[in-house]
Amino acid sequence: MQEHERLSVRLIELLLLPTILSWIVCGEIAGRVFRRSGRGYWRGCLTGALLGPLGILIVLLFDPTPEVRRVQQLNSGDMTFCRLCLGLIPPNARVCRHCDRDVPVYAAH
Ligand SMILES: [Zn+2]
């Protein structure tokens with residue numbers, strides 16, 4: 001192998017490795033962010049792989065889907081289930097906004 005061939009192979013290695021690493025790392029991060037917001041891993045992964053750090057910023061701009069938001073509200077204690085219709089209501093609600101019935105209050109033990 002001649003000197004200029006060795007140089008071009010080295011140059012390709014130097015450019016290719018960071019590019020492939022960037023696809024993988026940015027794709028993985030964007031995929032995880034998008035999955036957490038309820039929009040699916042692979043769409044985020046593709047966005048991150050194609051657009052790099054810009055793709056990560058783009059997927060971060062998406063709010064969680066309503067389904068994910070409800071789960072977050074339940075887990076954080078900001079909302080609870082109505083015992084009569086299973087609609088989401090604030091924990092201190094007296095009347096359910098979904099079924100318009102009085103929310104039964106049970107003594108906590
Ligand atoms: Zn209700």
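The model is a predicted one, in which local features need pLDDT of at least 70 and side-chain atom pairs count only at pLDDT 80 or more, while totals for chains, interfaces and linings use all residues. Residues are numbered from 1 along each chain as its sequence is written.

The chain contains 4 helices and 2 strands, and from the N terminus on these elements follow the order α-α-α-α-β-β. Helices (H or I, at least four residues) and strands (E, at least two) are DSSP runs, numbered from the N terminus. The C-alpha atoms occupy a box of roughly 85 × 25 × 15 Å along the principal axes. The radius of gyration of the chain is 25 Å, whereas a compact globule of 109 residues would have a value near 13 Å; the radius is taken over C-alpha atoms, and the globule rule is 2.2 Å times the number of residues to the power 0.38.

Of the 109 residues, 13% count as buried. A residue is buried if 20 or more other C-beta atoms lie within 10 Å of its own, exposed if 12 or fewer, and partly exposed in between, with C-beta atoms placed from the backbone. Among contacts between residues at least 6 apart in sequence, 25% join residues at least 24 apart; two residues are in contact if their C-beta atoms, placed from the backbone, lie within 7 Å.

The chain is divided into domain 1 (1-63) and domain 2 (65-109), with bounds that come from an automatic or database domain assignment. Taken over C-alpha atoms, the centres of domain 1 and domain 2 are separated by 42 Å.

Turning to the helices, H1 (residues 3-36) and H2 (residues 41-51) pack with their axes 6 Å apart, at an angle of about 145 degrees. Axes are lines fitted to C-alpha atoms, for helices over the stretch in contact, and angles run from 0 to 180 degrees between N-to-C directions. The crossing of H1 and H2 is right-handed; a crossing is given this name if the near helix is turned clockwise from the far one by less than a right angle, and is left-handed if anticlockwise. On the H1 side, the residues that meet H2 include Trp23, Cys26, Ile29, Val33 and Phe34. Their partners in H2 include Tyr41, Trp42, Cys45 and Ala49. The residues of this H1 and H2 contact divide into 10 nonpolar, 5 polar and 3 charged. In this division, Ala, Val, Leu, Ile, Met, Phe, Trp, Tyr, Cys and Pro count as nonpolar, Asp, Glu, Lys and Arg as charged, and the others, Gly among them, as polar.

Helix H2 also meets helix H3 (residues 53-60), with axes that come within 6 Å and cross at roughly 145 degrees. Here Gly44, Thr47, Gly48, Leu50 and Leu51 of H2 meet Leu54, Gly55, Ile56, Ile58 and Val59 of H3. The residues of the contact of H2 with H3 comprise 6 nonpolar, 4 polar and no charged.

Cysteine 45 belongs to H2 and is buried, because 24 other C-beta atoms lie within 10 Å. Leaving aside residues up to four places away in sequence, cysteine 45 touches Gly27, Glu28, Ala30 and Gly31. Isoleucine 20, in H1, counts as exposed, because it has 11 C-beta neighbours inside 10 Å. Its C-alpha atom is separated by 9.0 Å from that of alanine 49, 29 residues apart along the chain.

Further along lie the two strands, and leucine 86 sits in the loop between strand E1 (80-81) and strand E2 (88-89). Although not a glycine, leucine 86 has a positive phi of about 65 degrees. Leucine 86 counts as exposed, because 11 C-beta neighbours lie inside 10 Å. Aspartate 100, in the segment after E2, likewise has a positive phi, of about 60 degrees, although it is not a glycine. With 9 C-beta neighbours inside 10 Å, aspartate 100 counts as exposed.

Histidine 98 also lies in the segment after E2. With 12 C-beta neighbours inside 10 Å, histidine 98 counts as exposed. Not counting residues up to four places away in sequence, histidine 98 touches Cys82, Cys85 and Gly87. The C-alpha atoms of histidine 98 and methionine 79, 19 residues apart along the chain, are separated by 13 Å.
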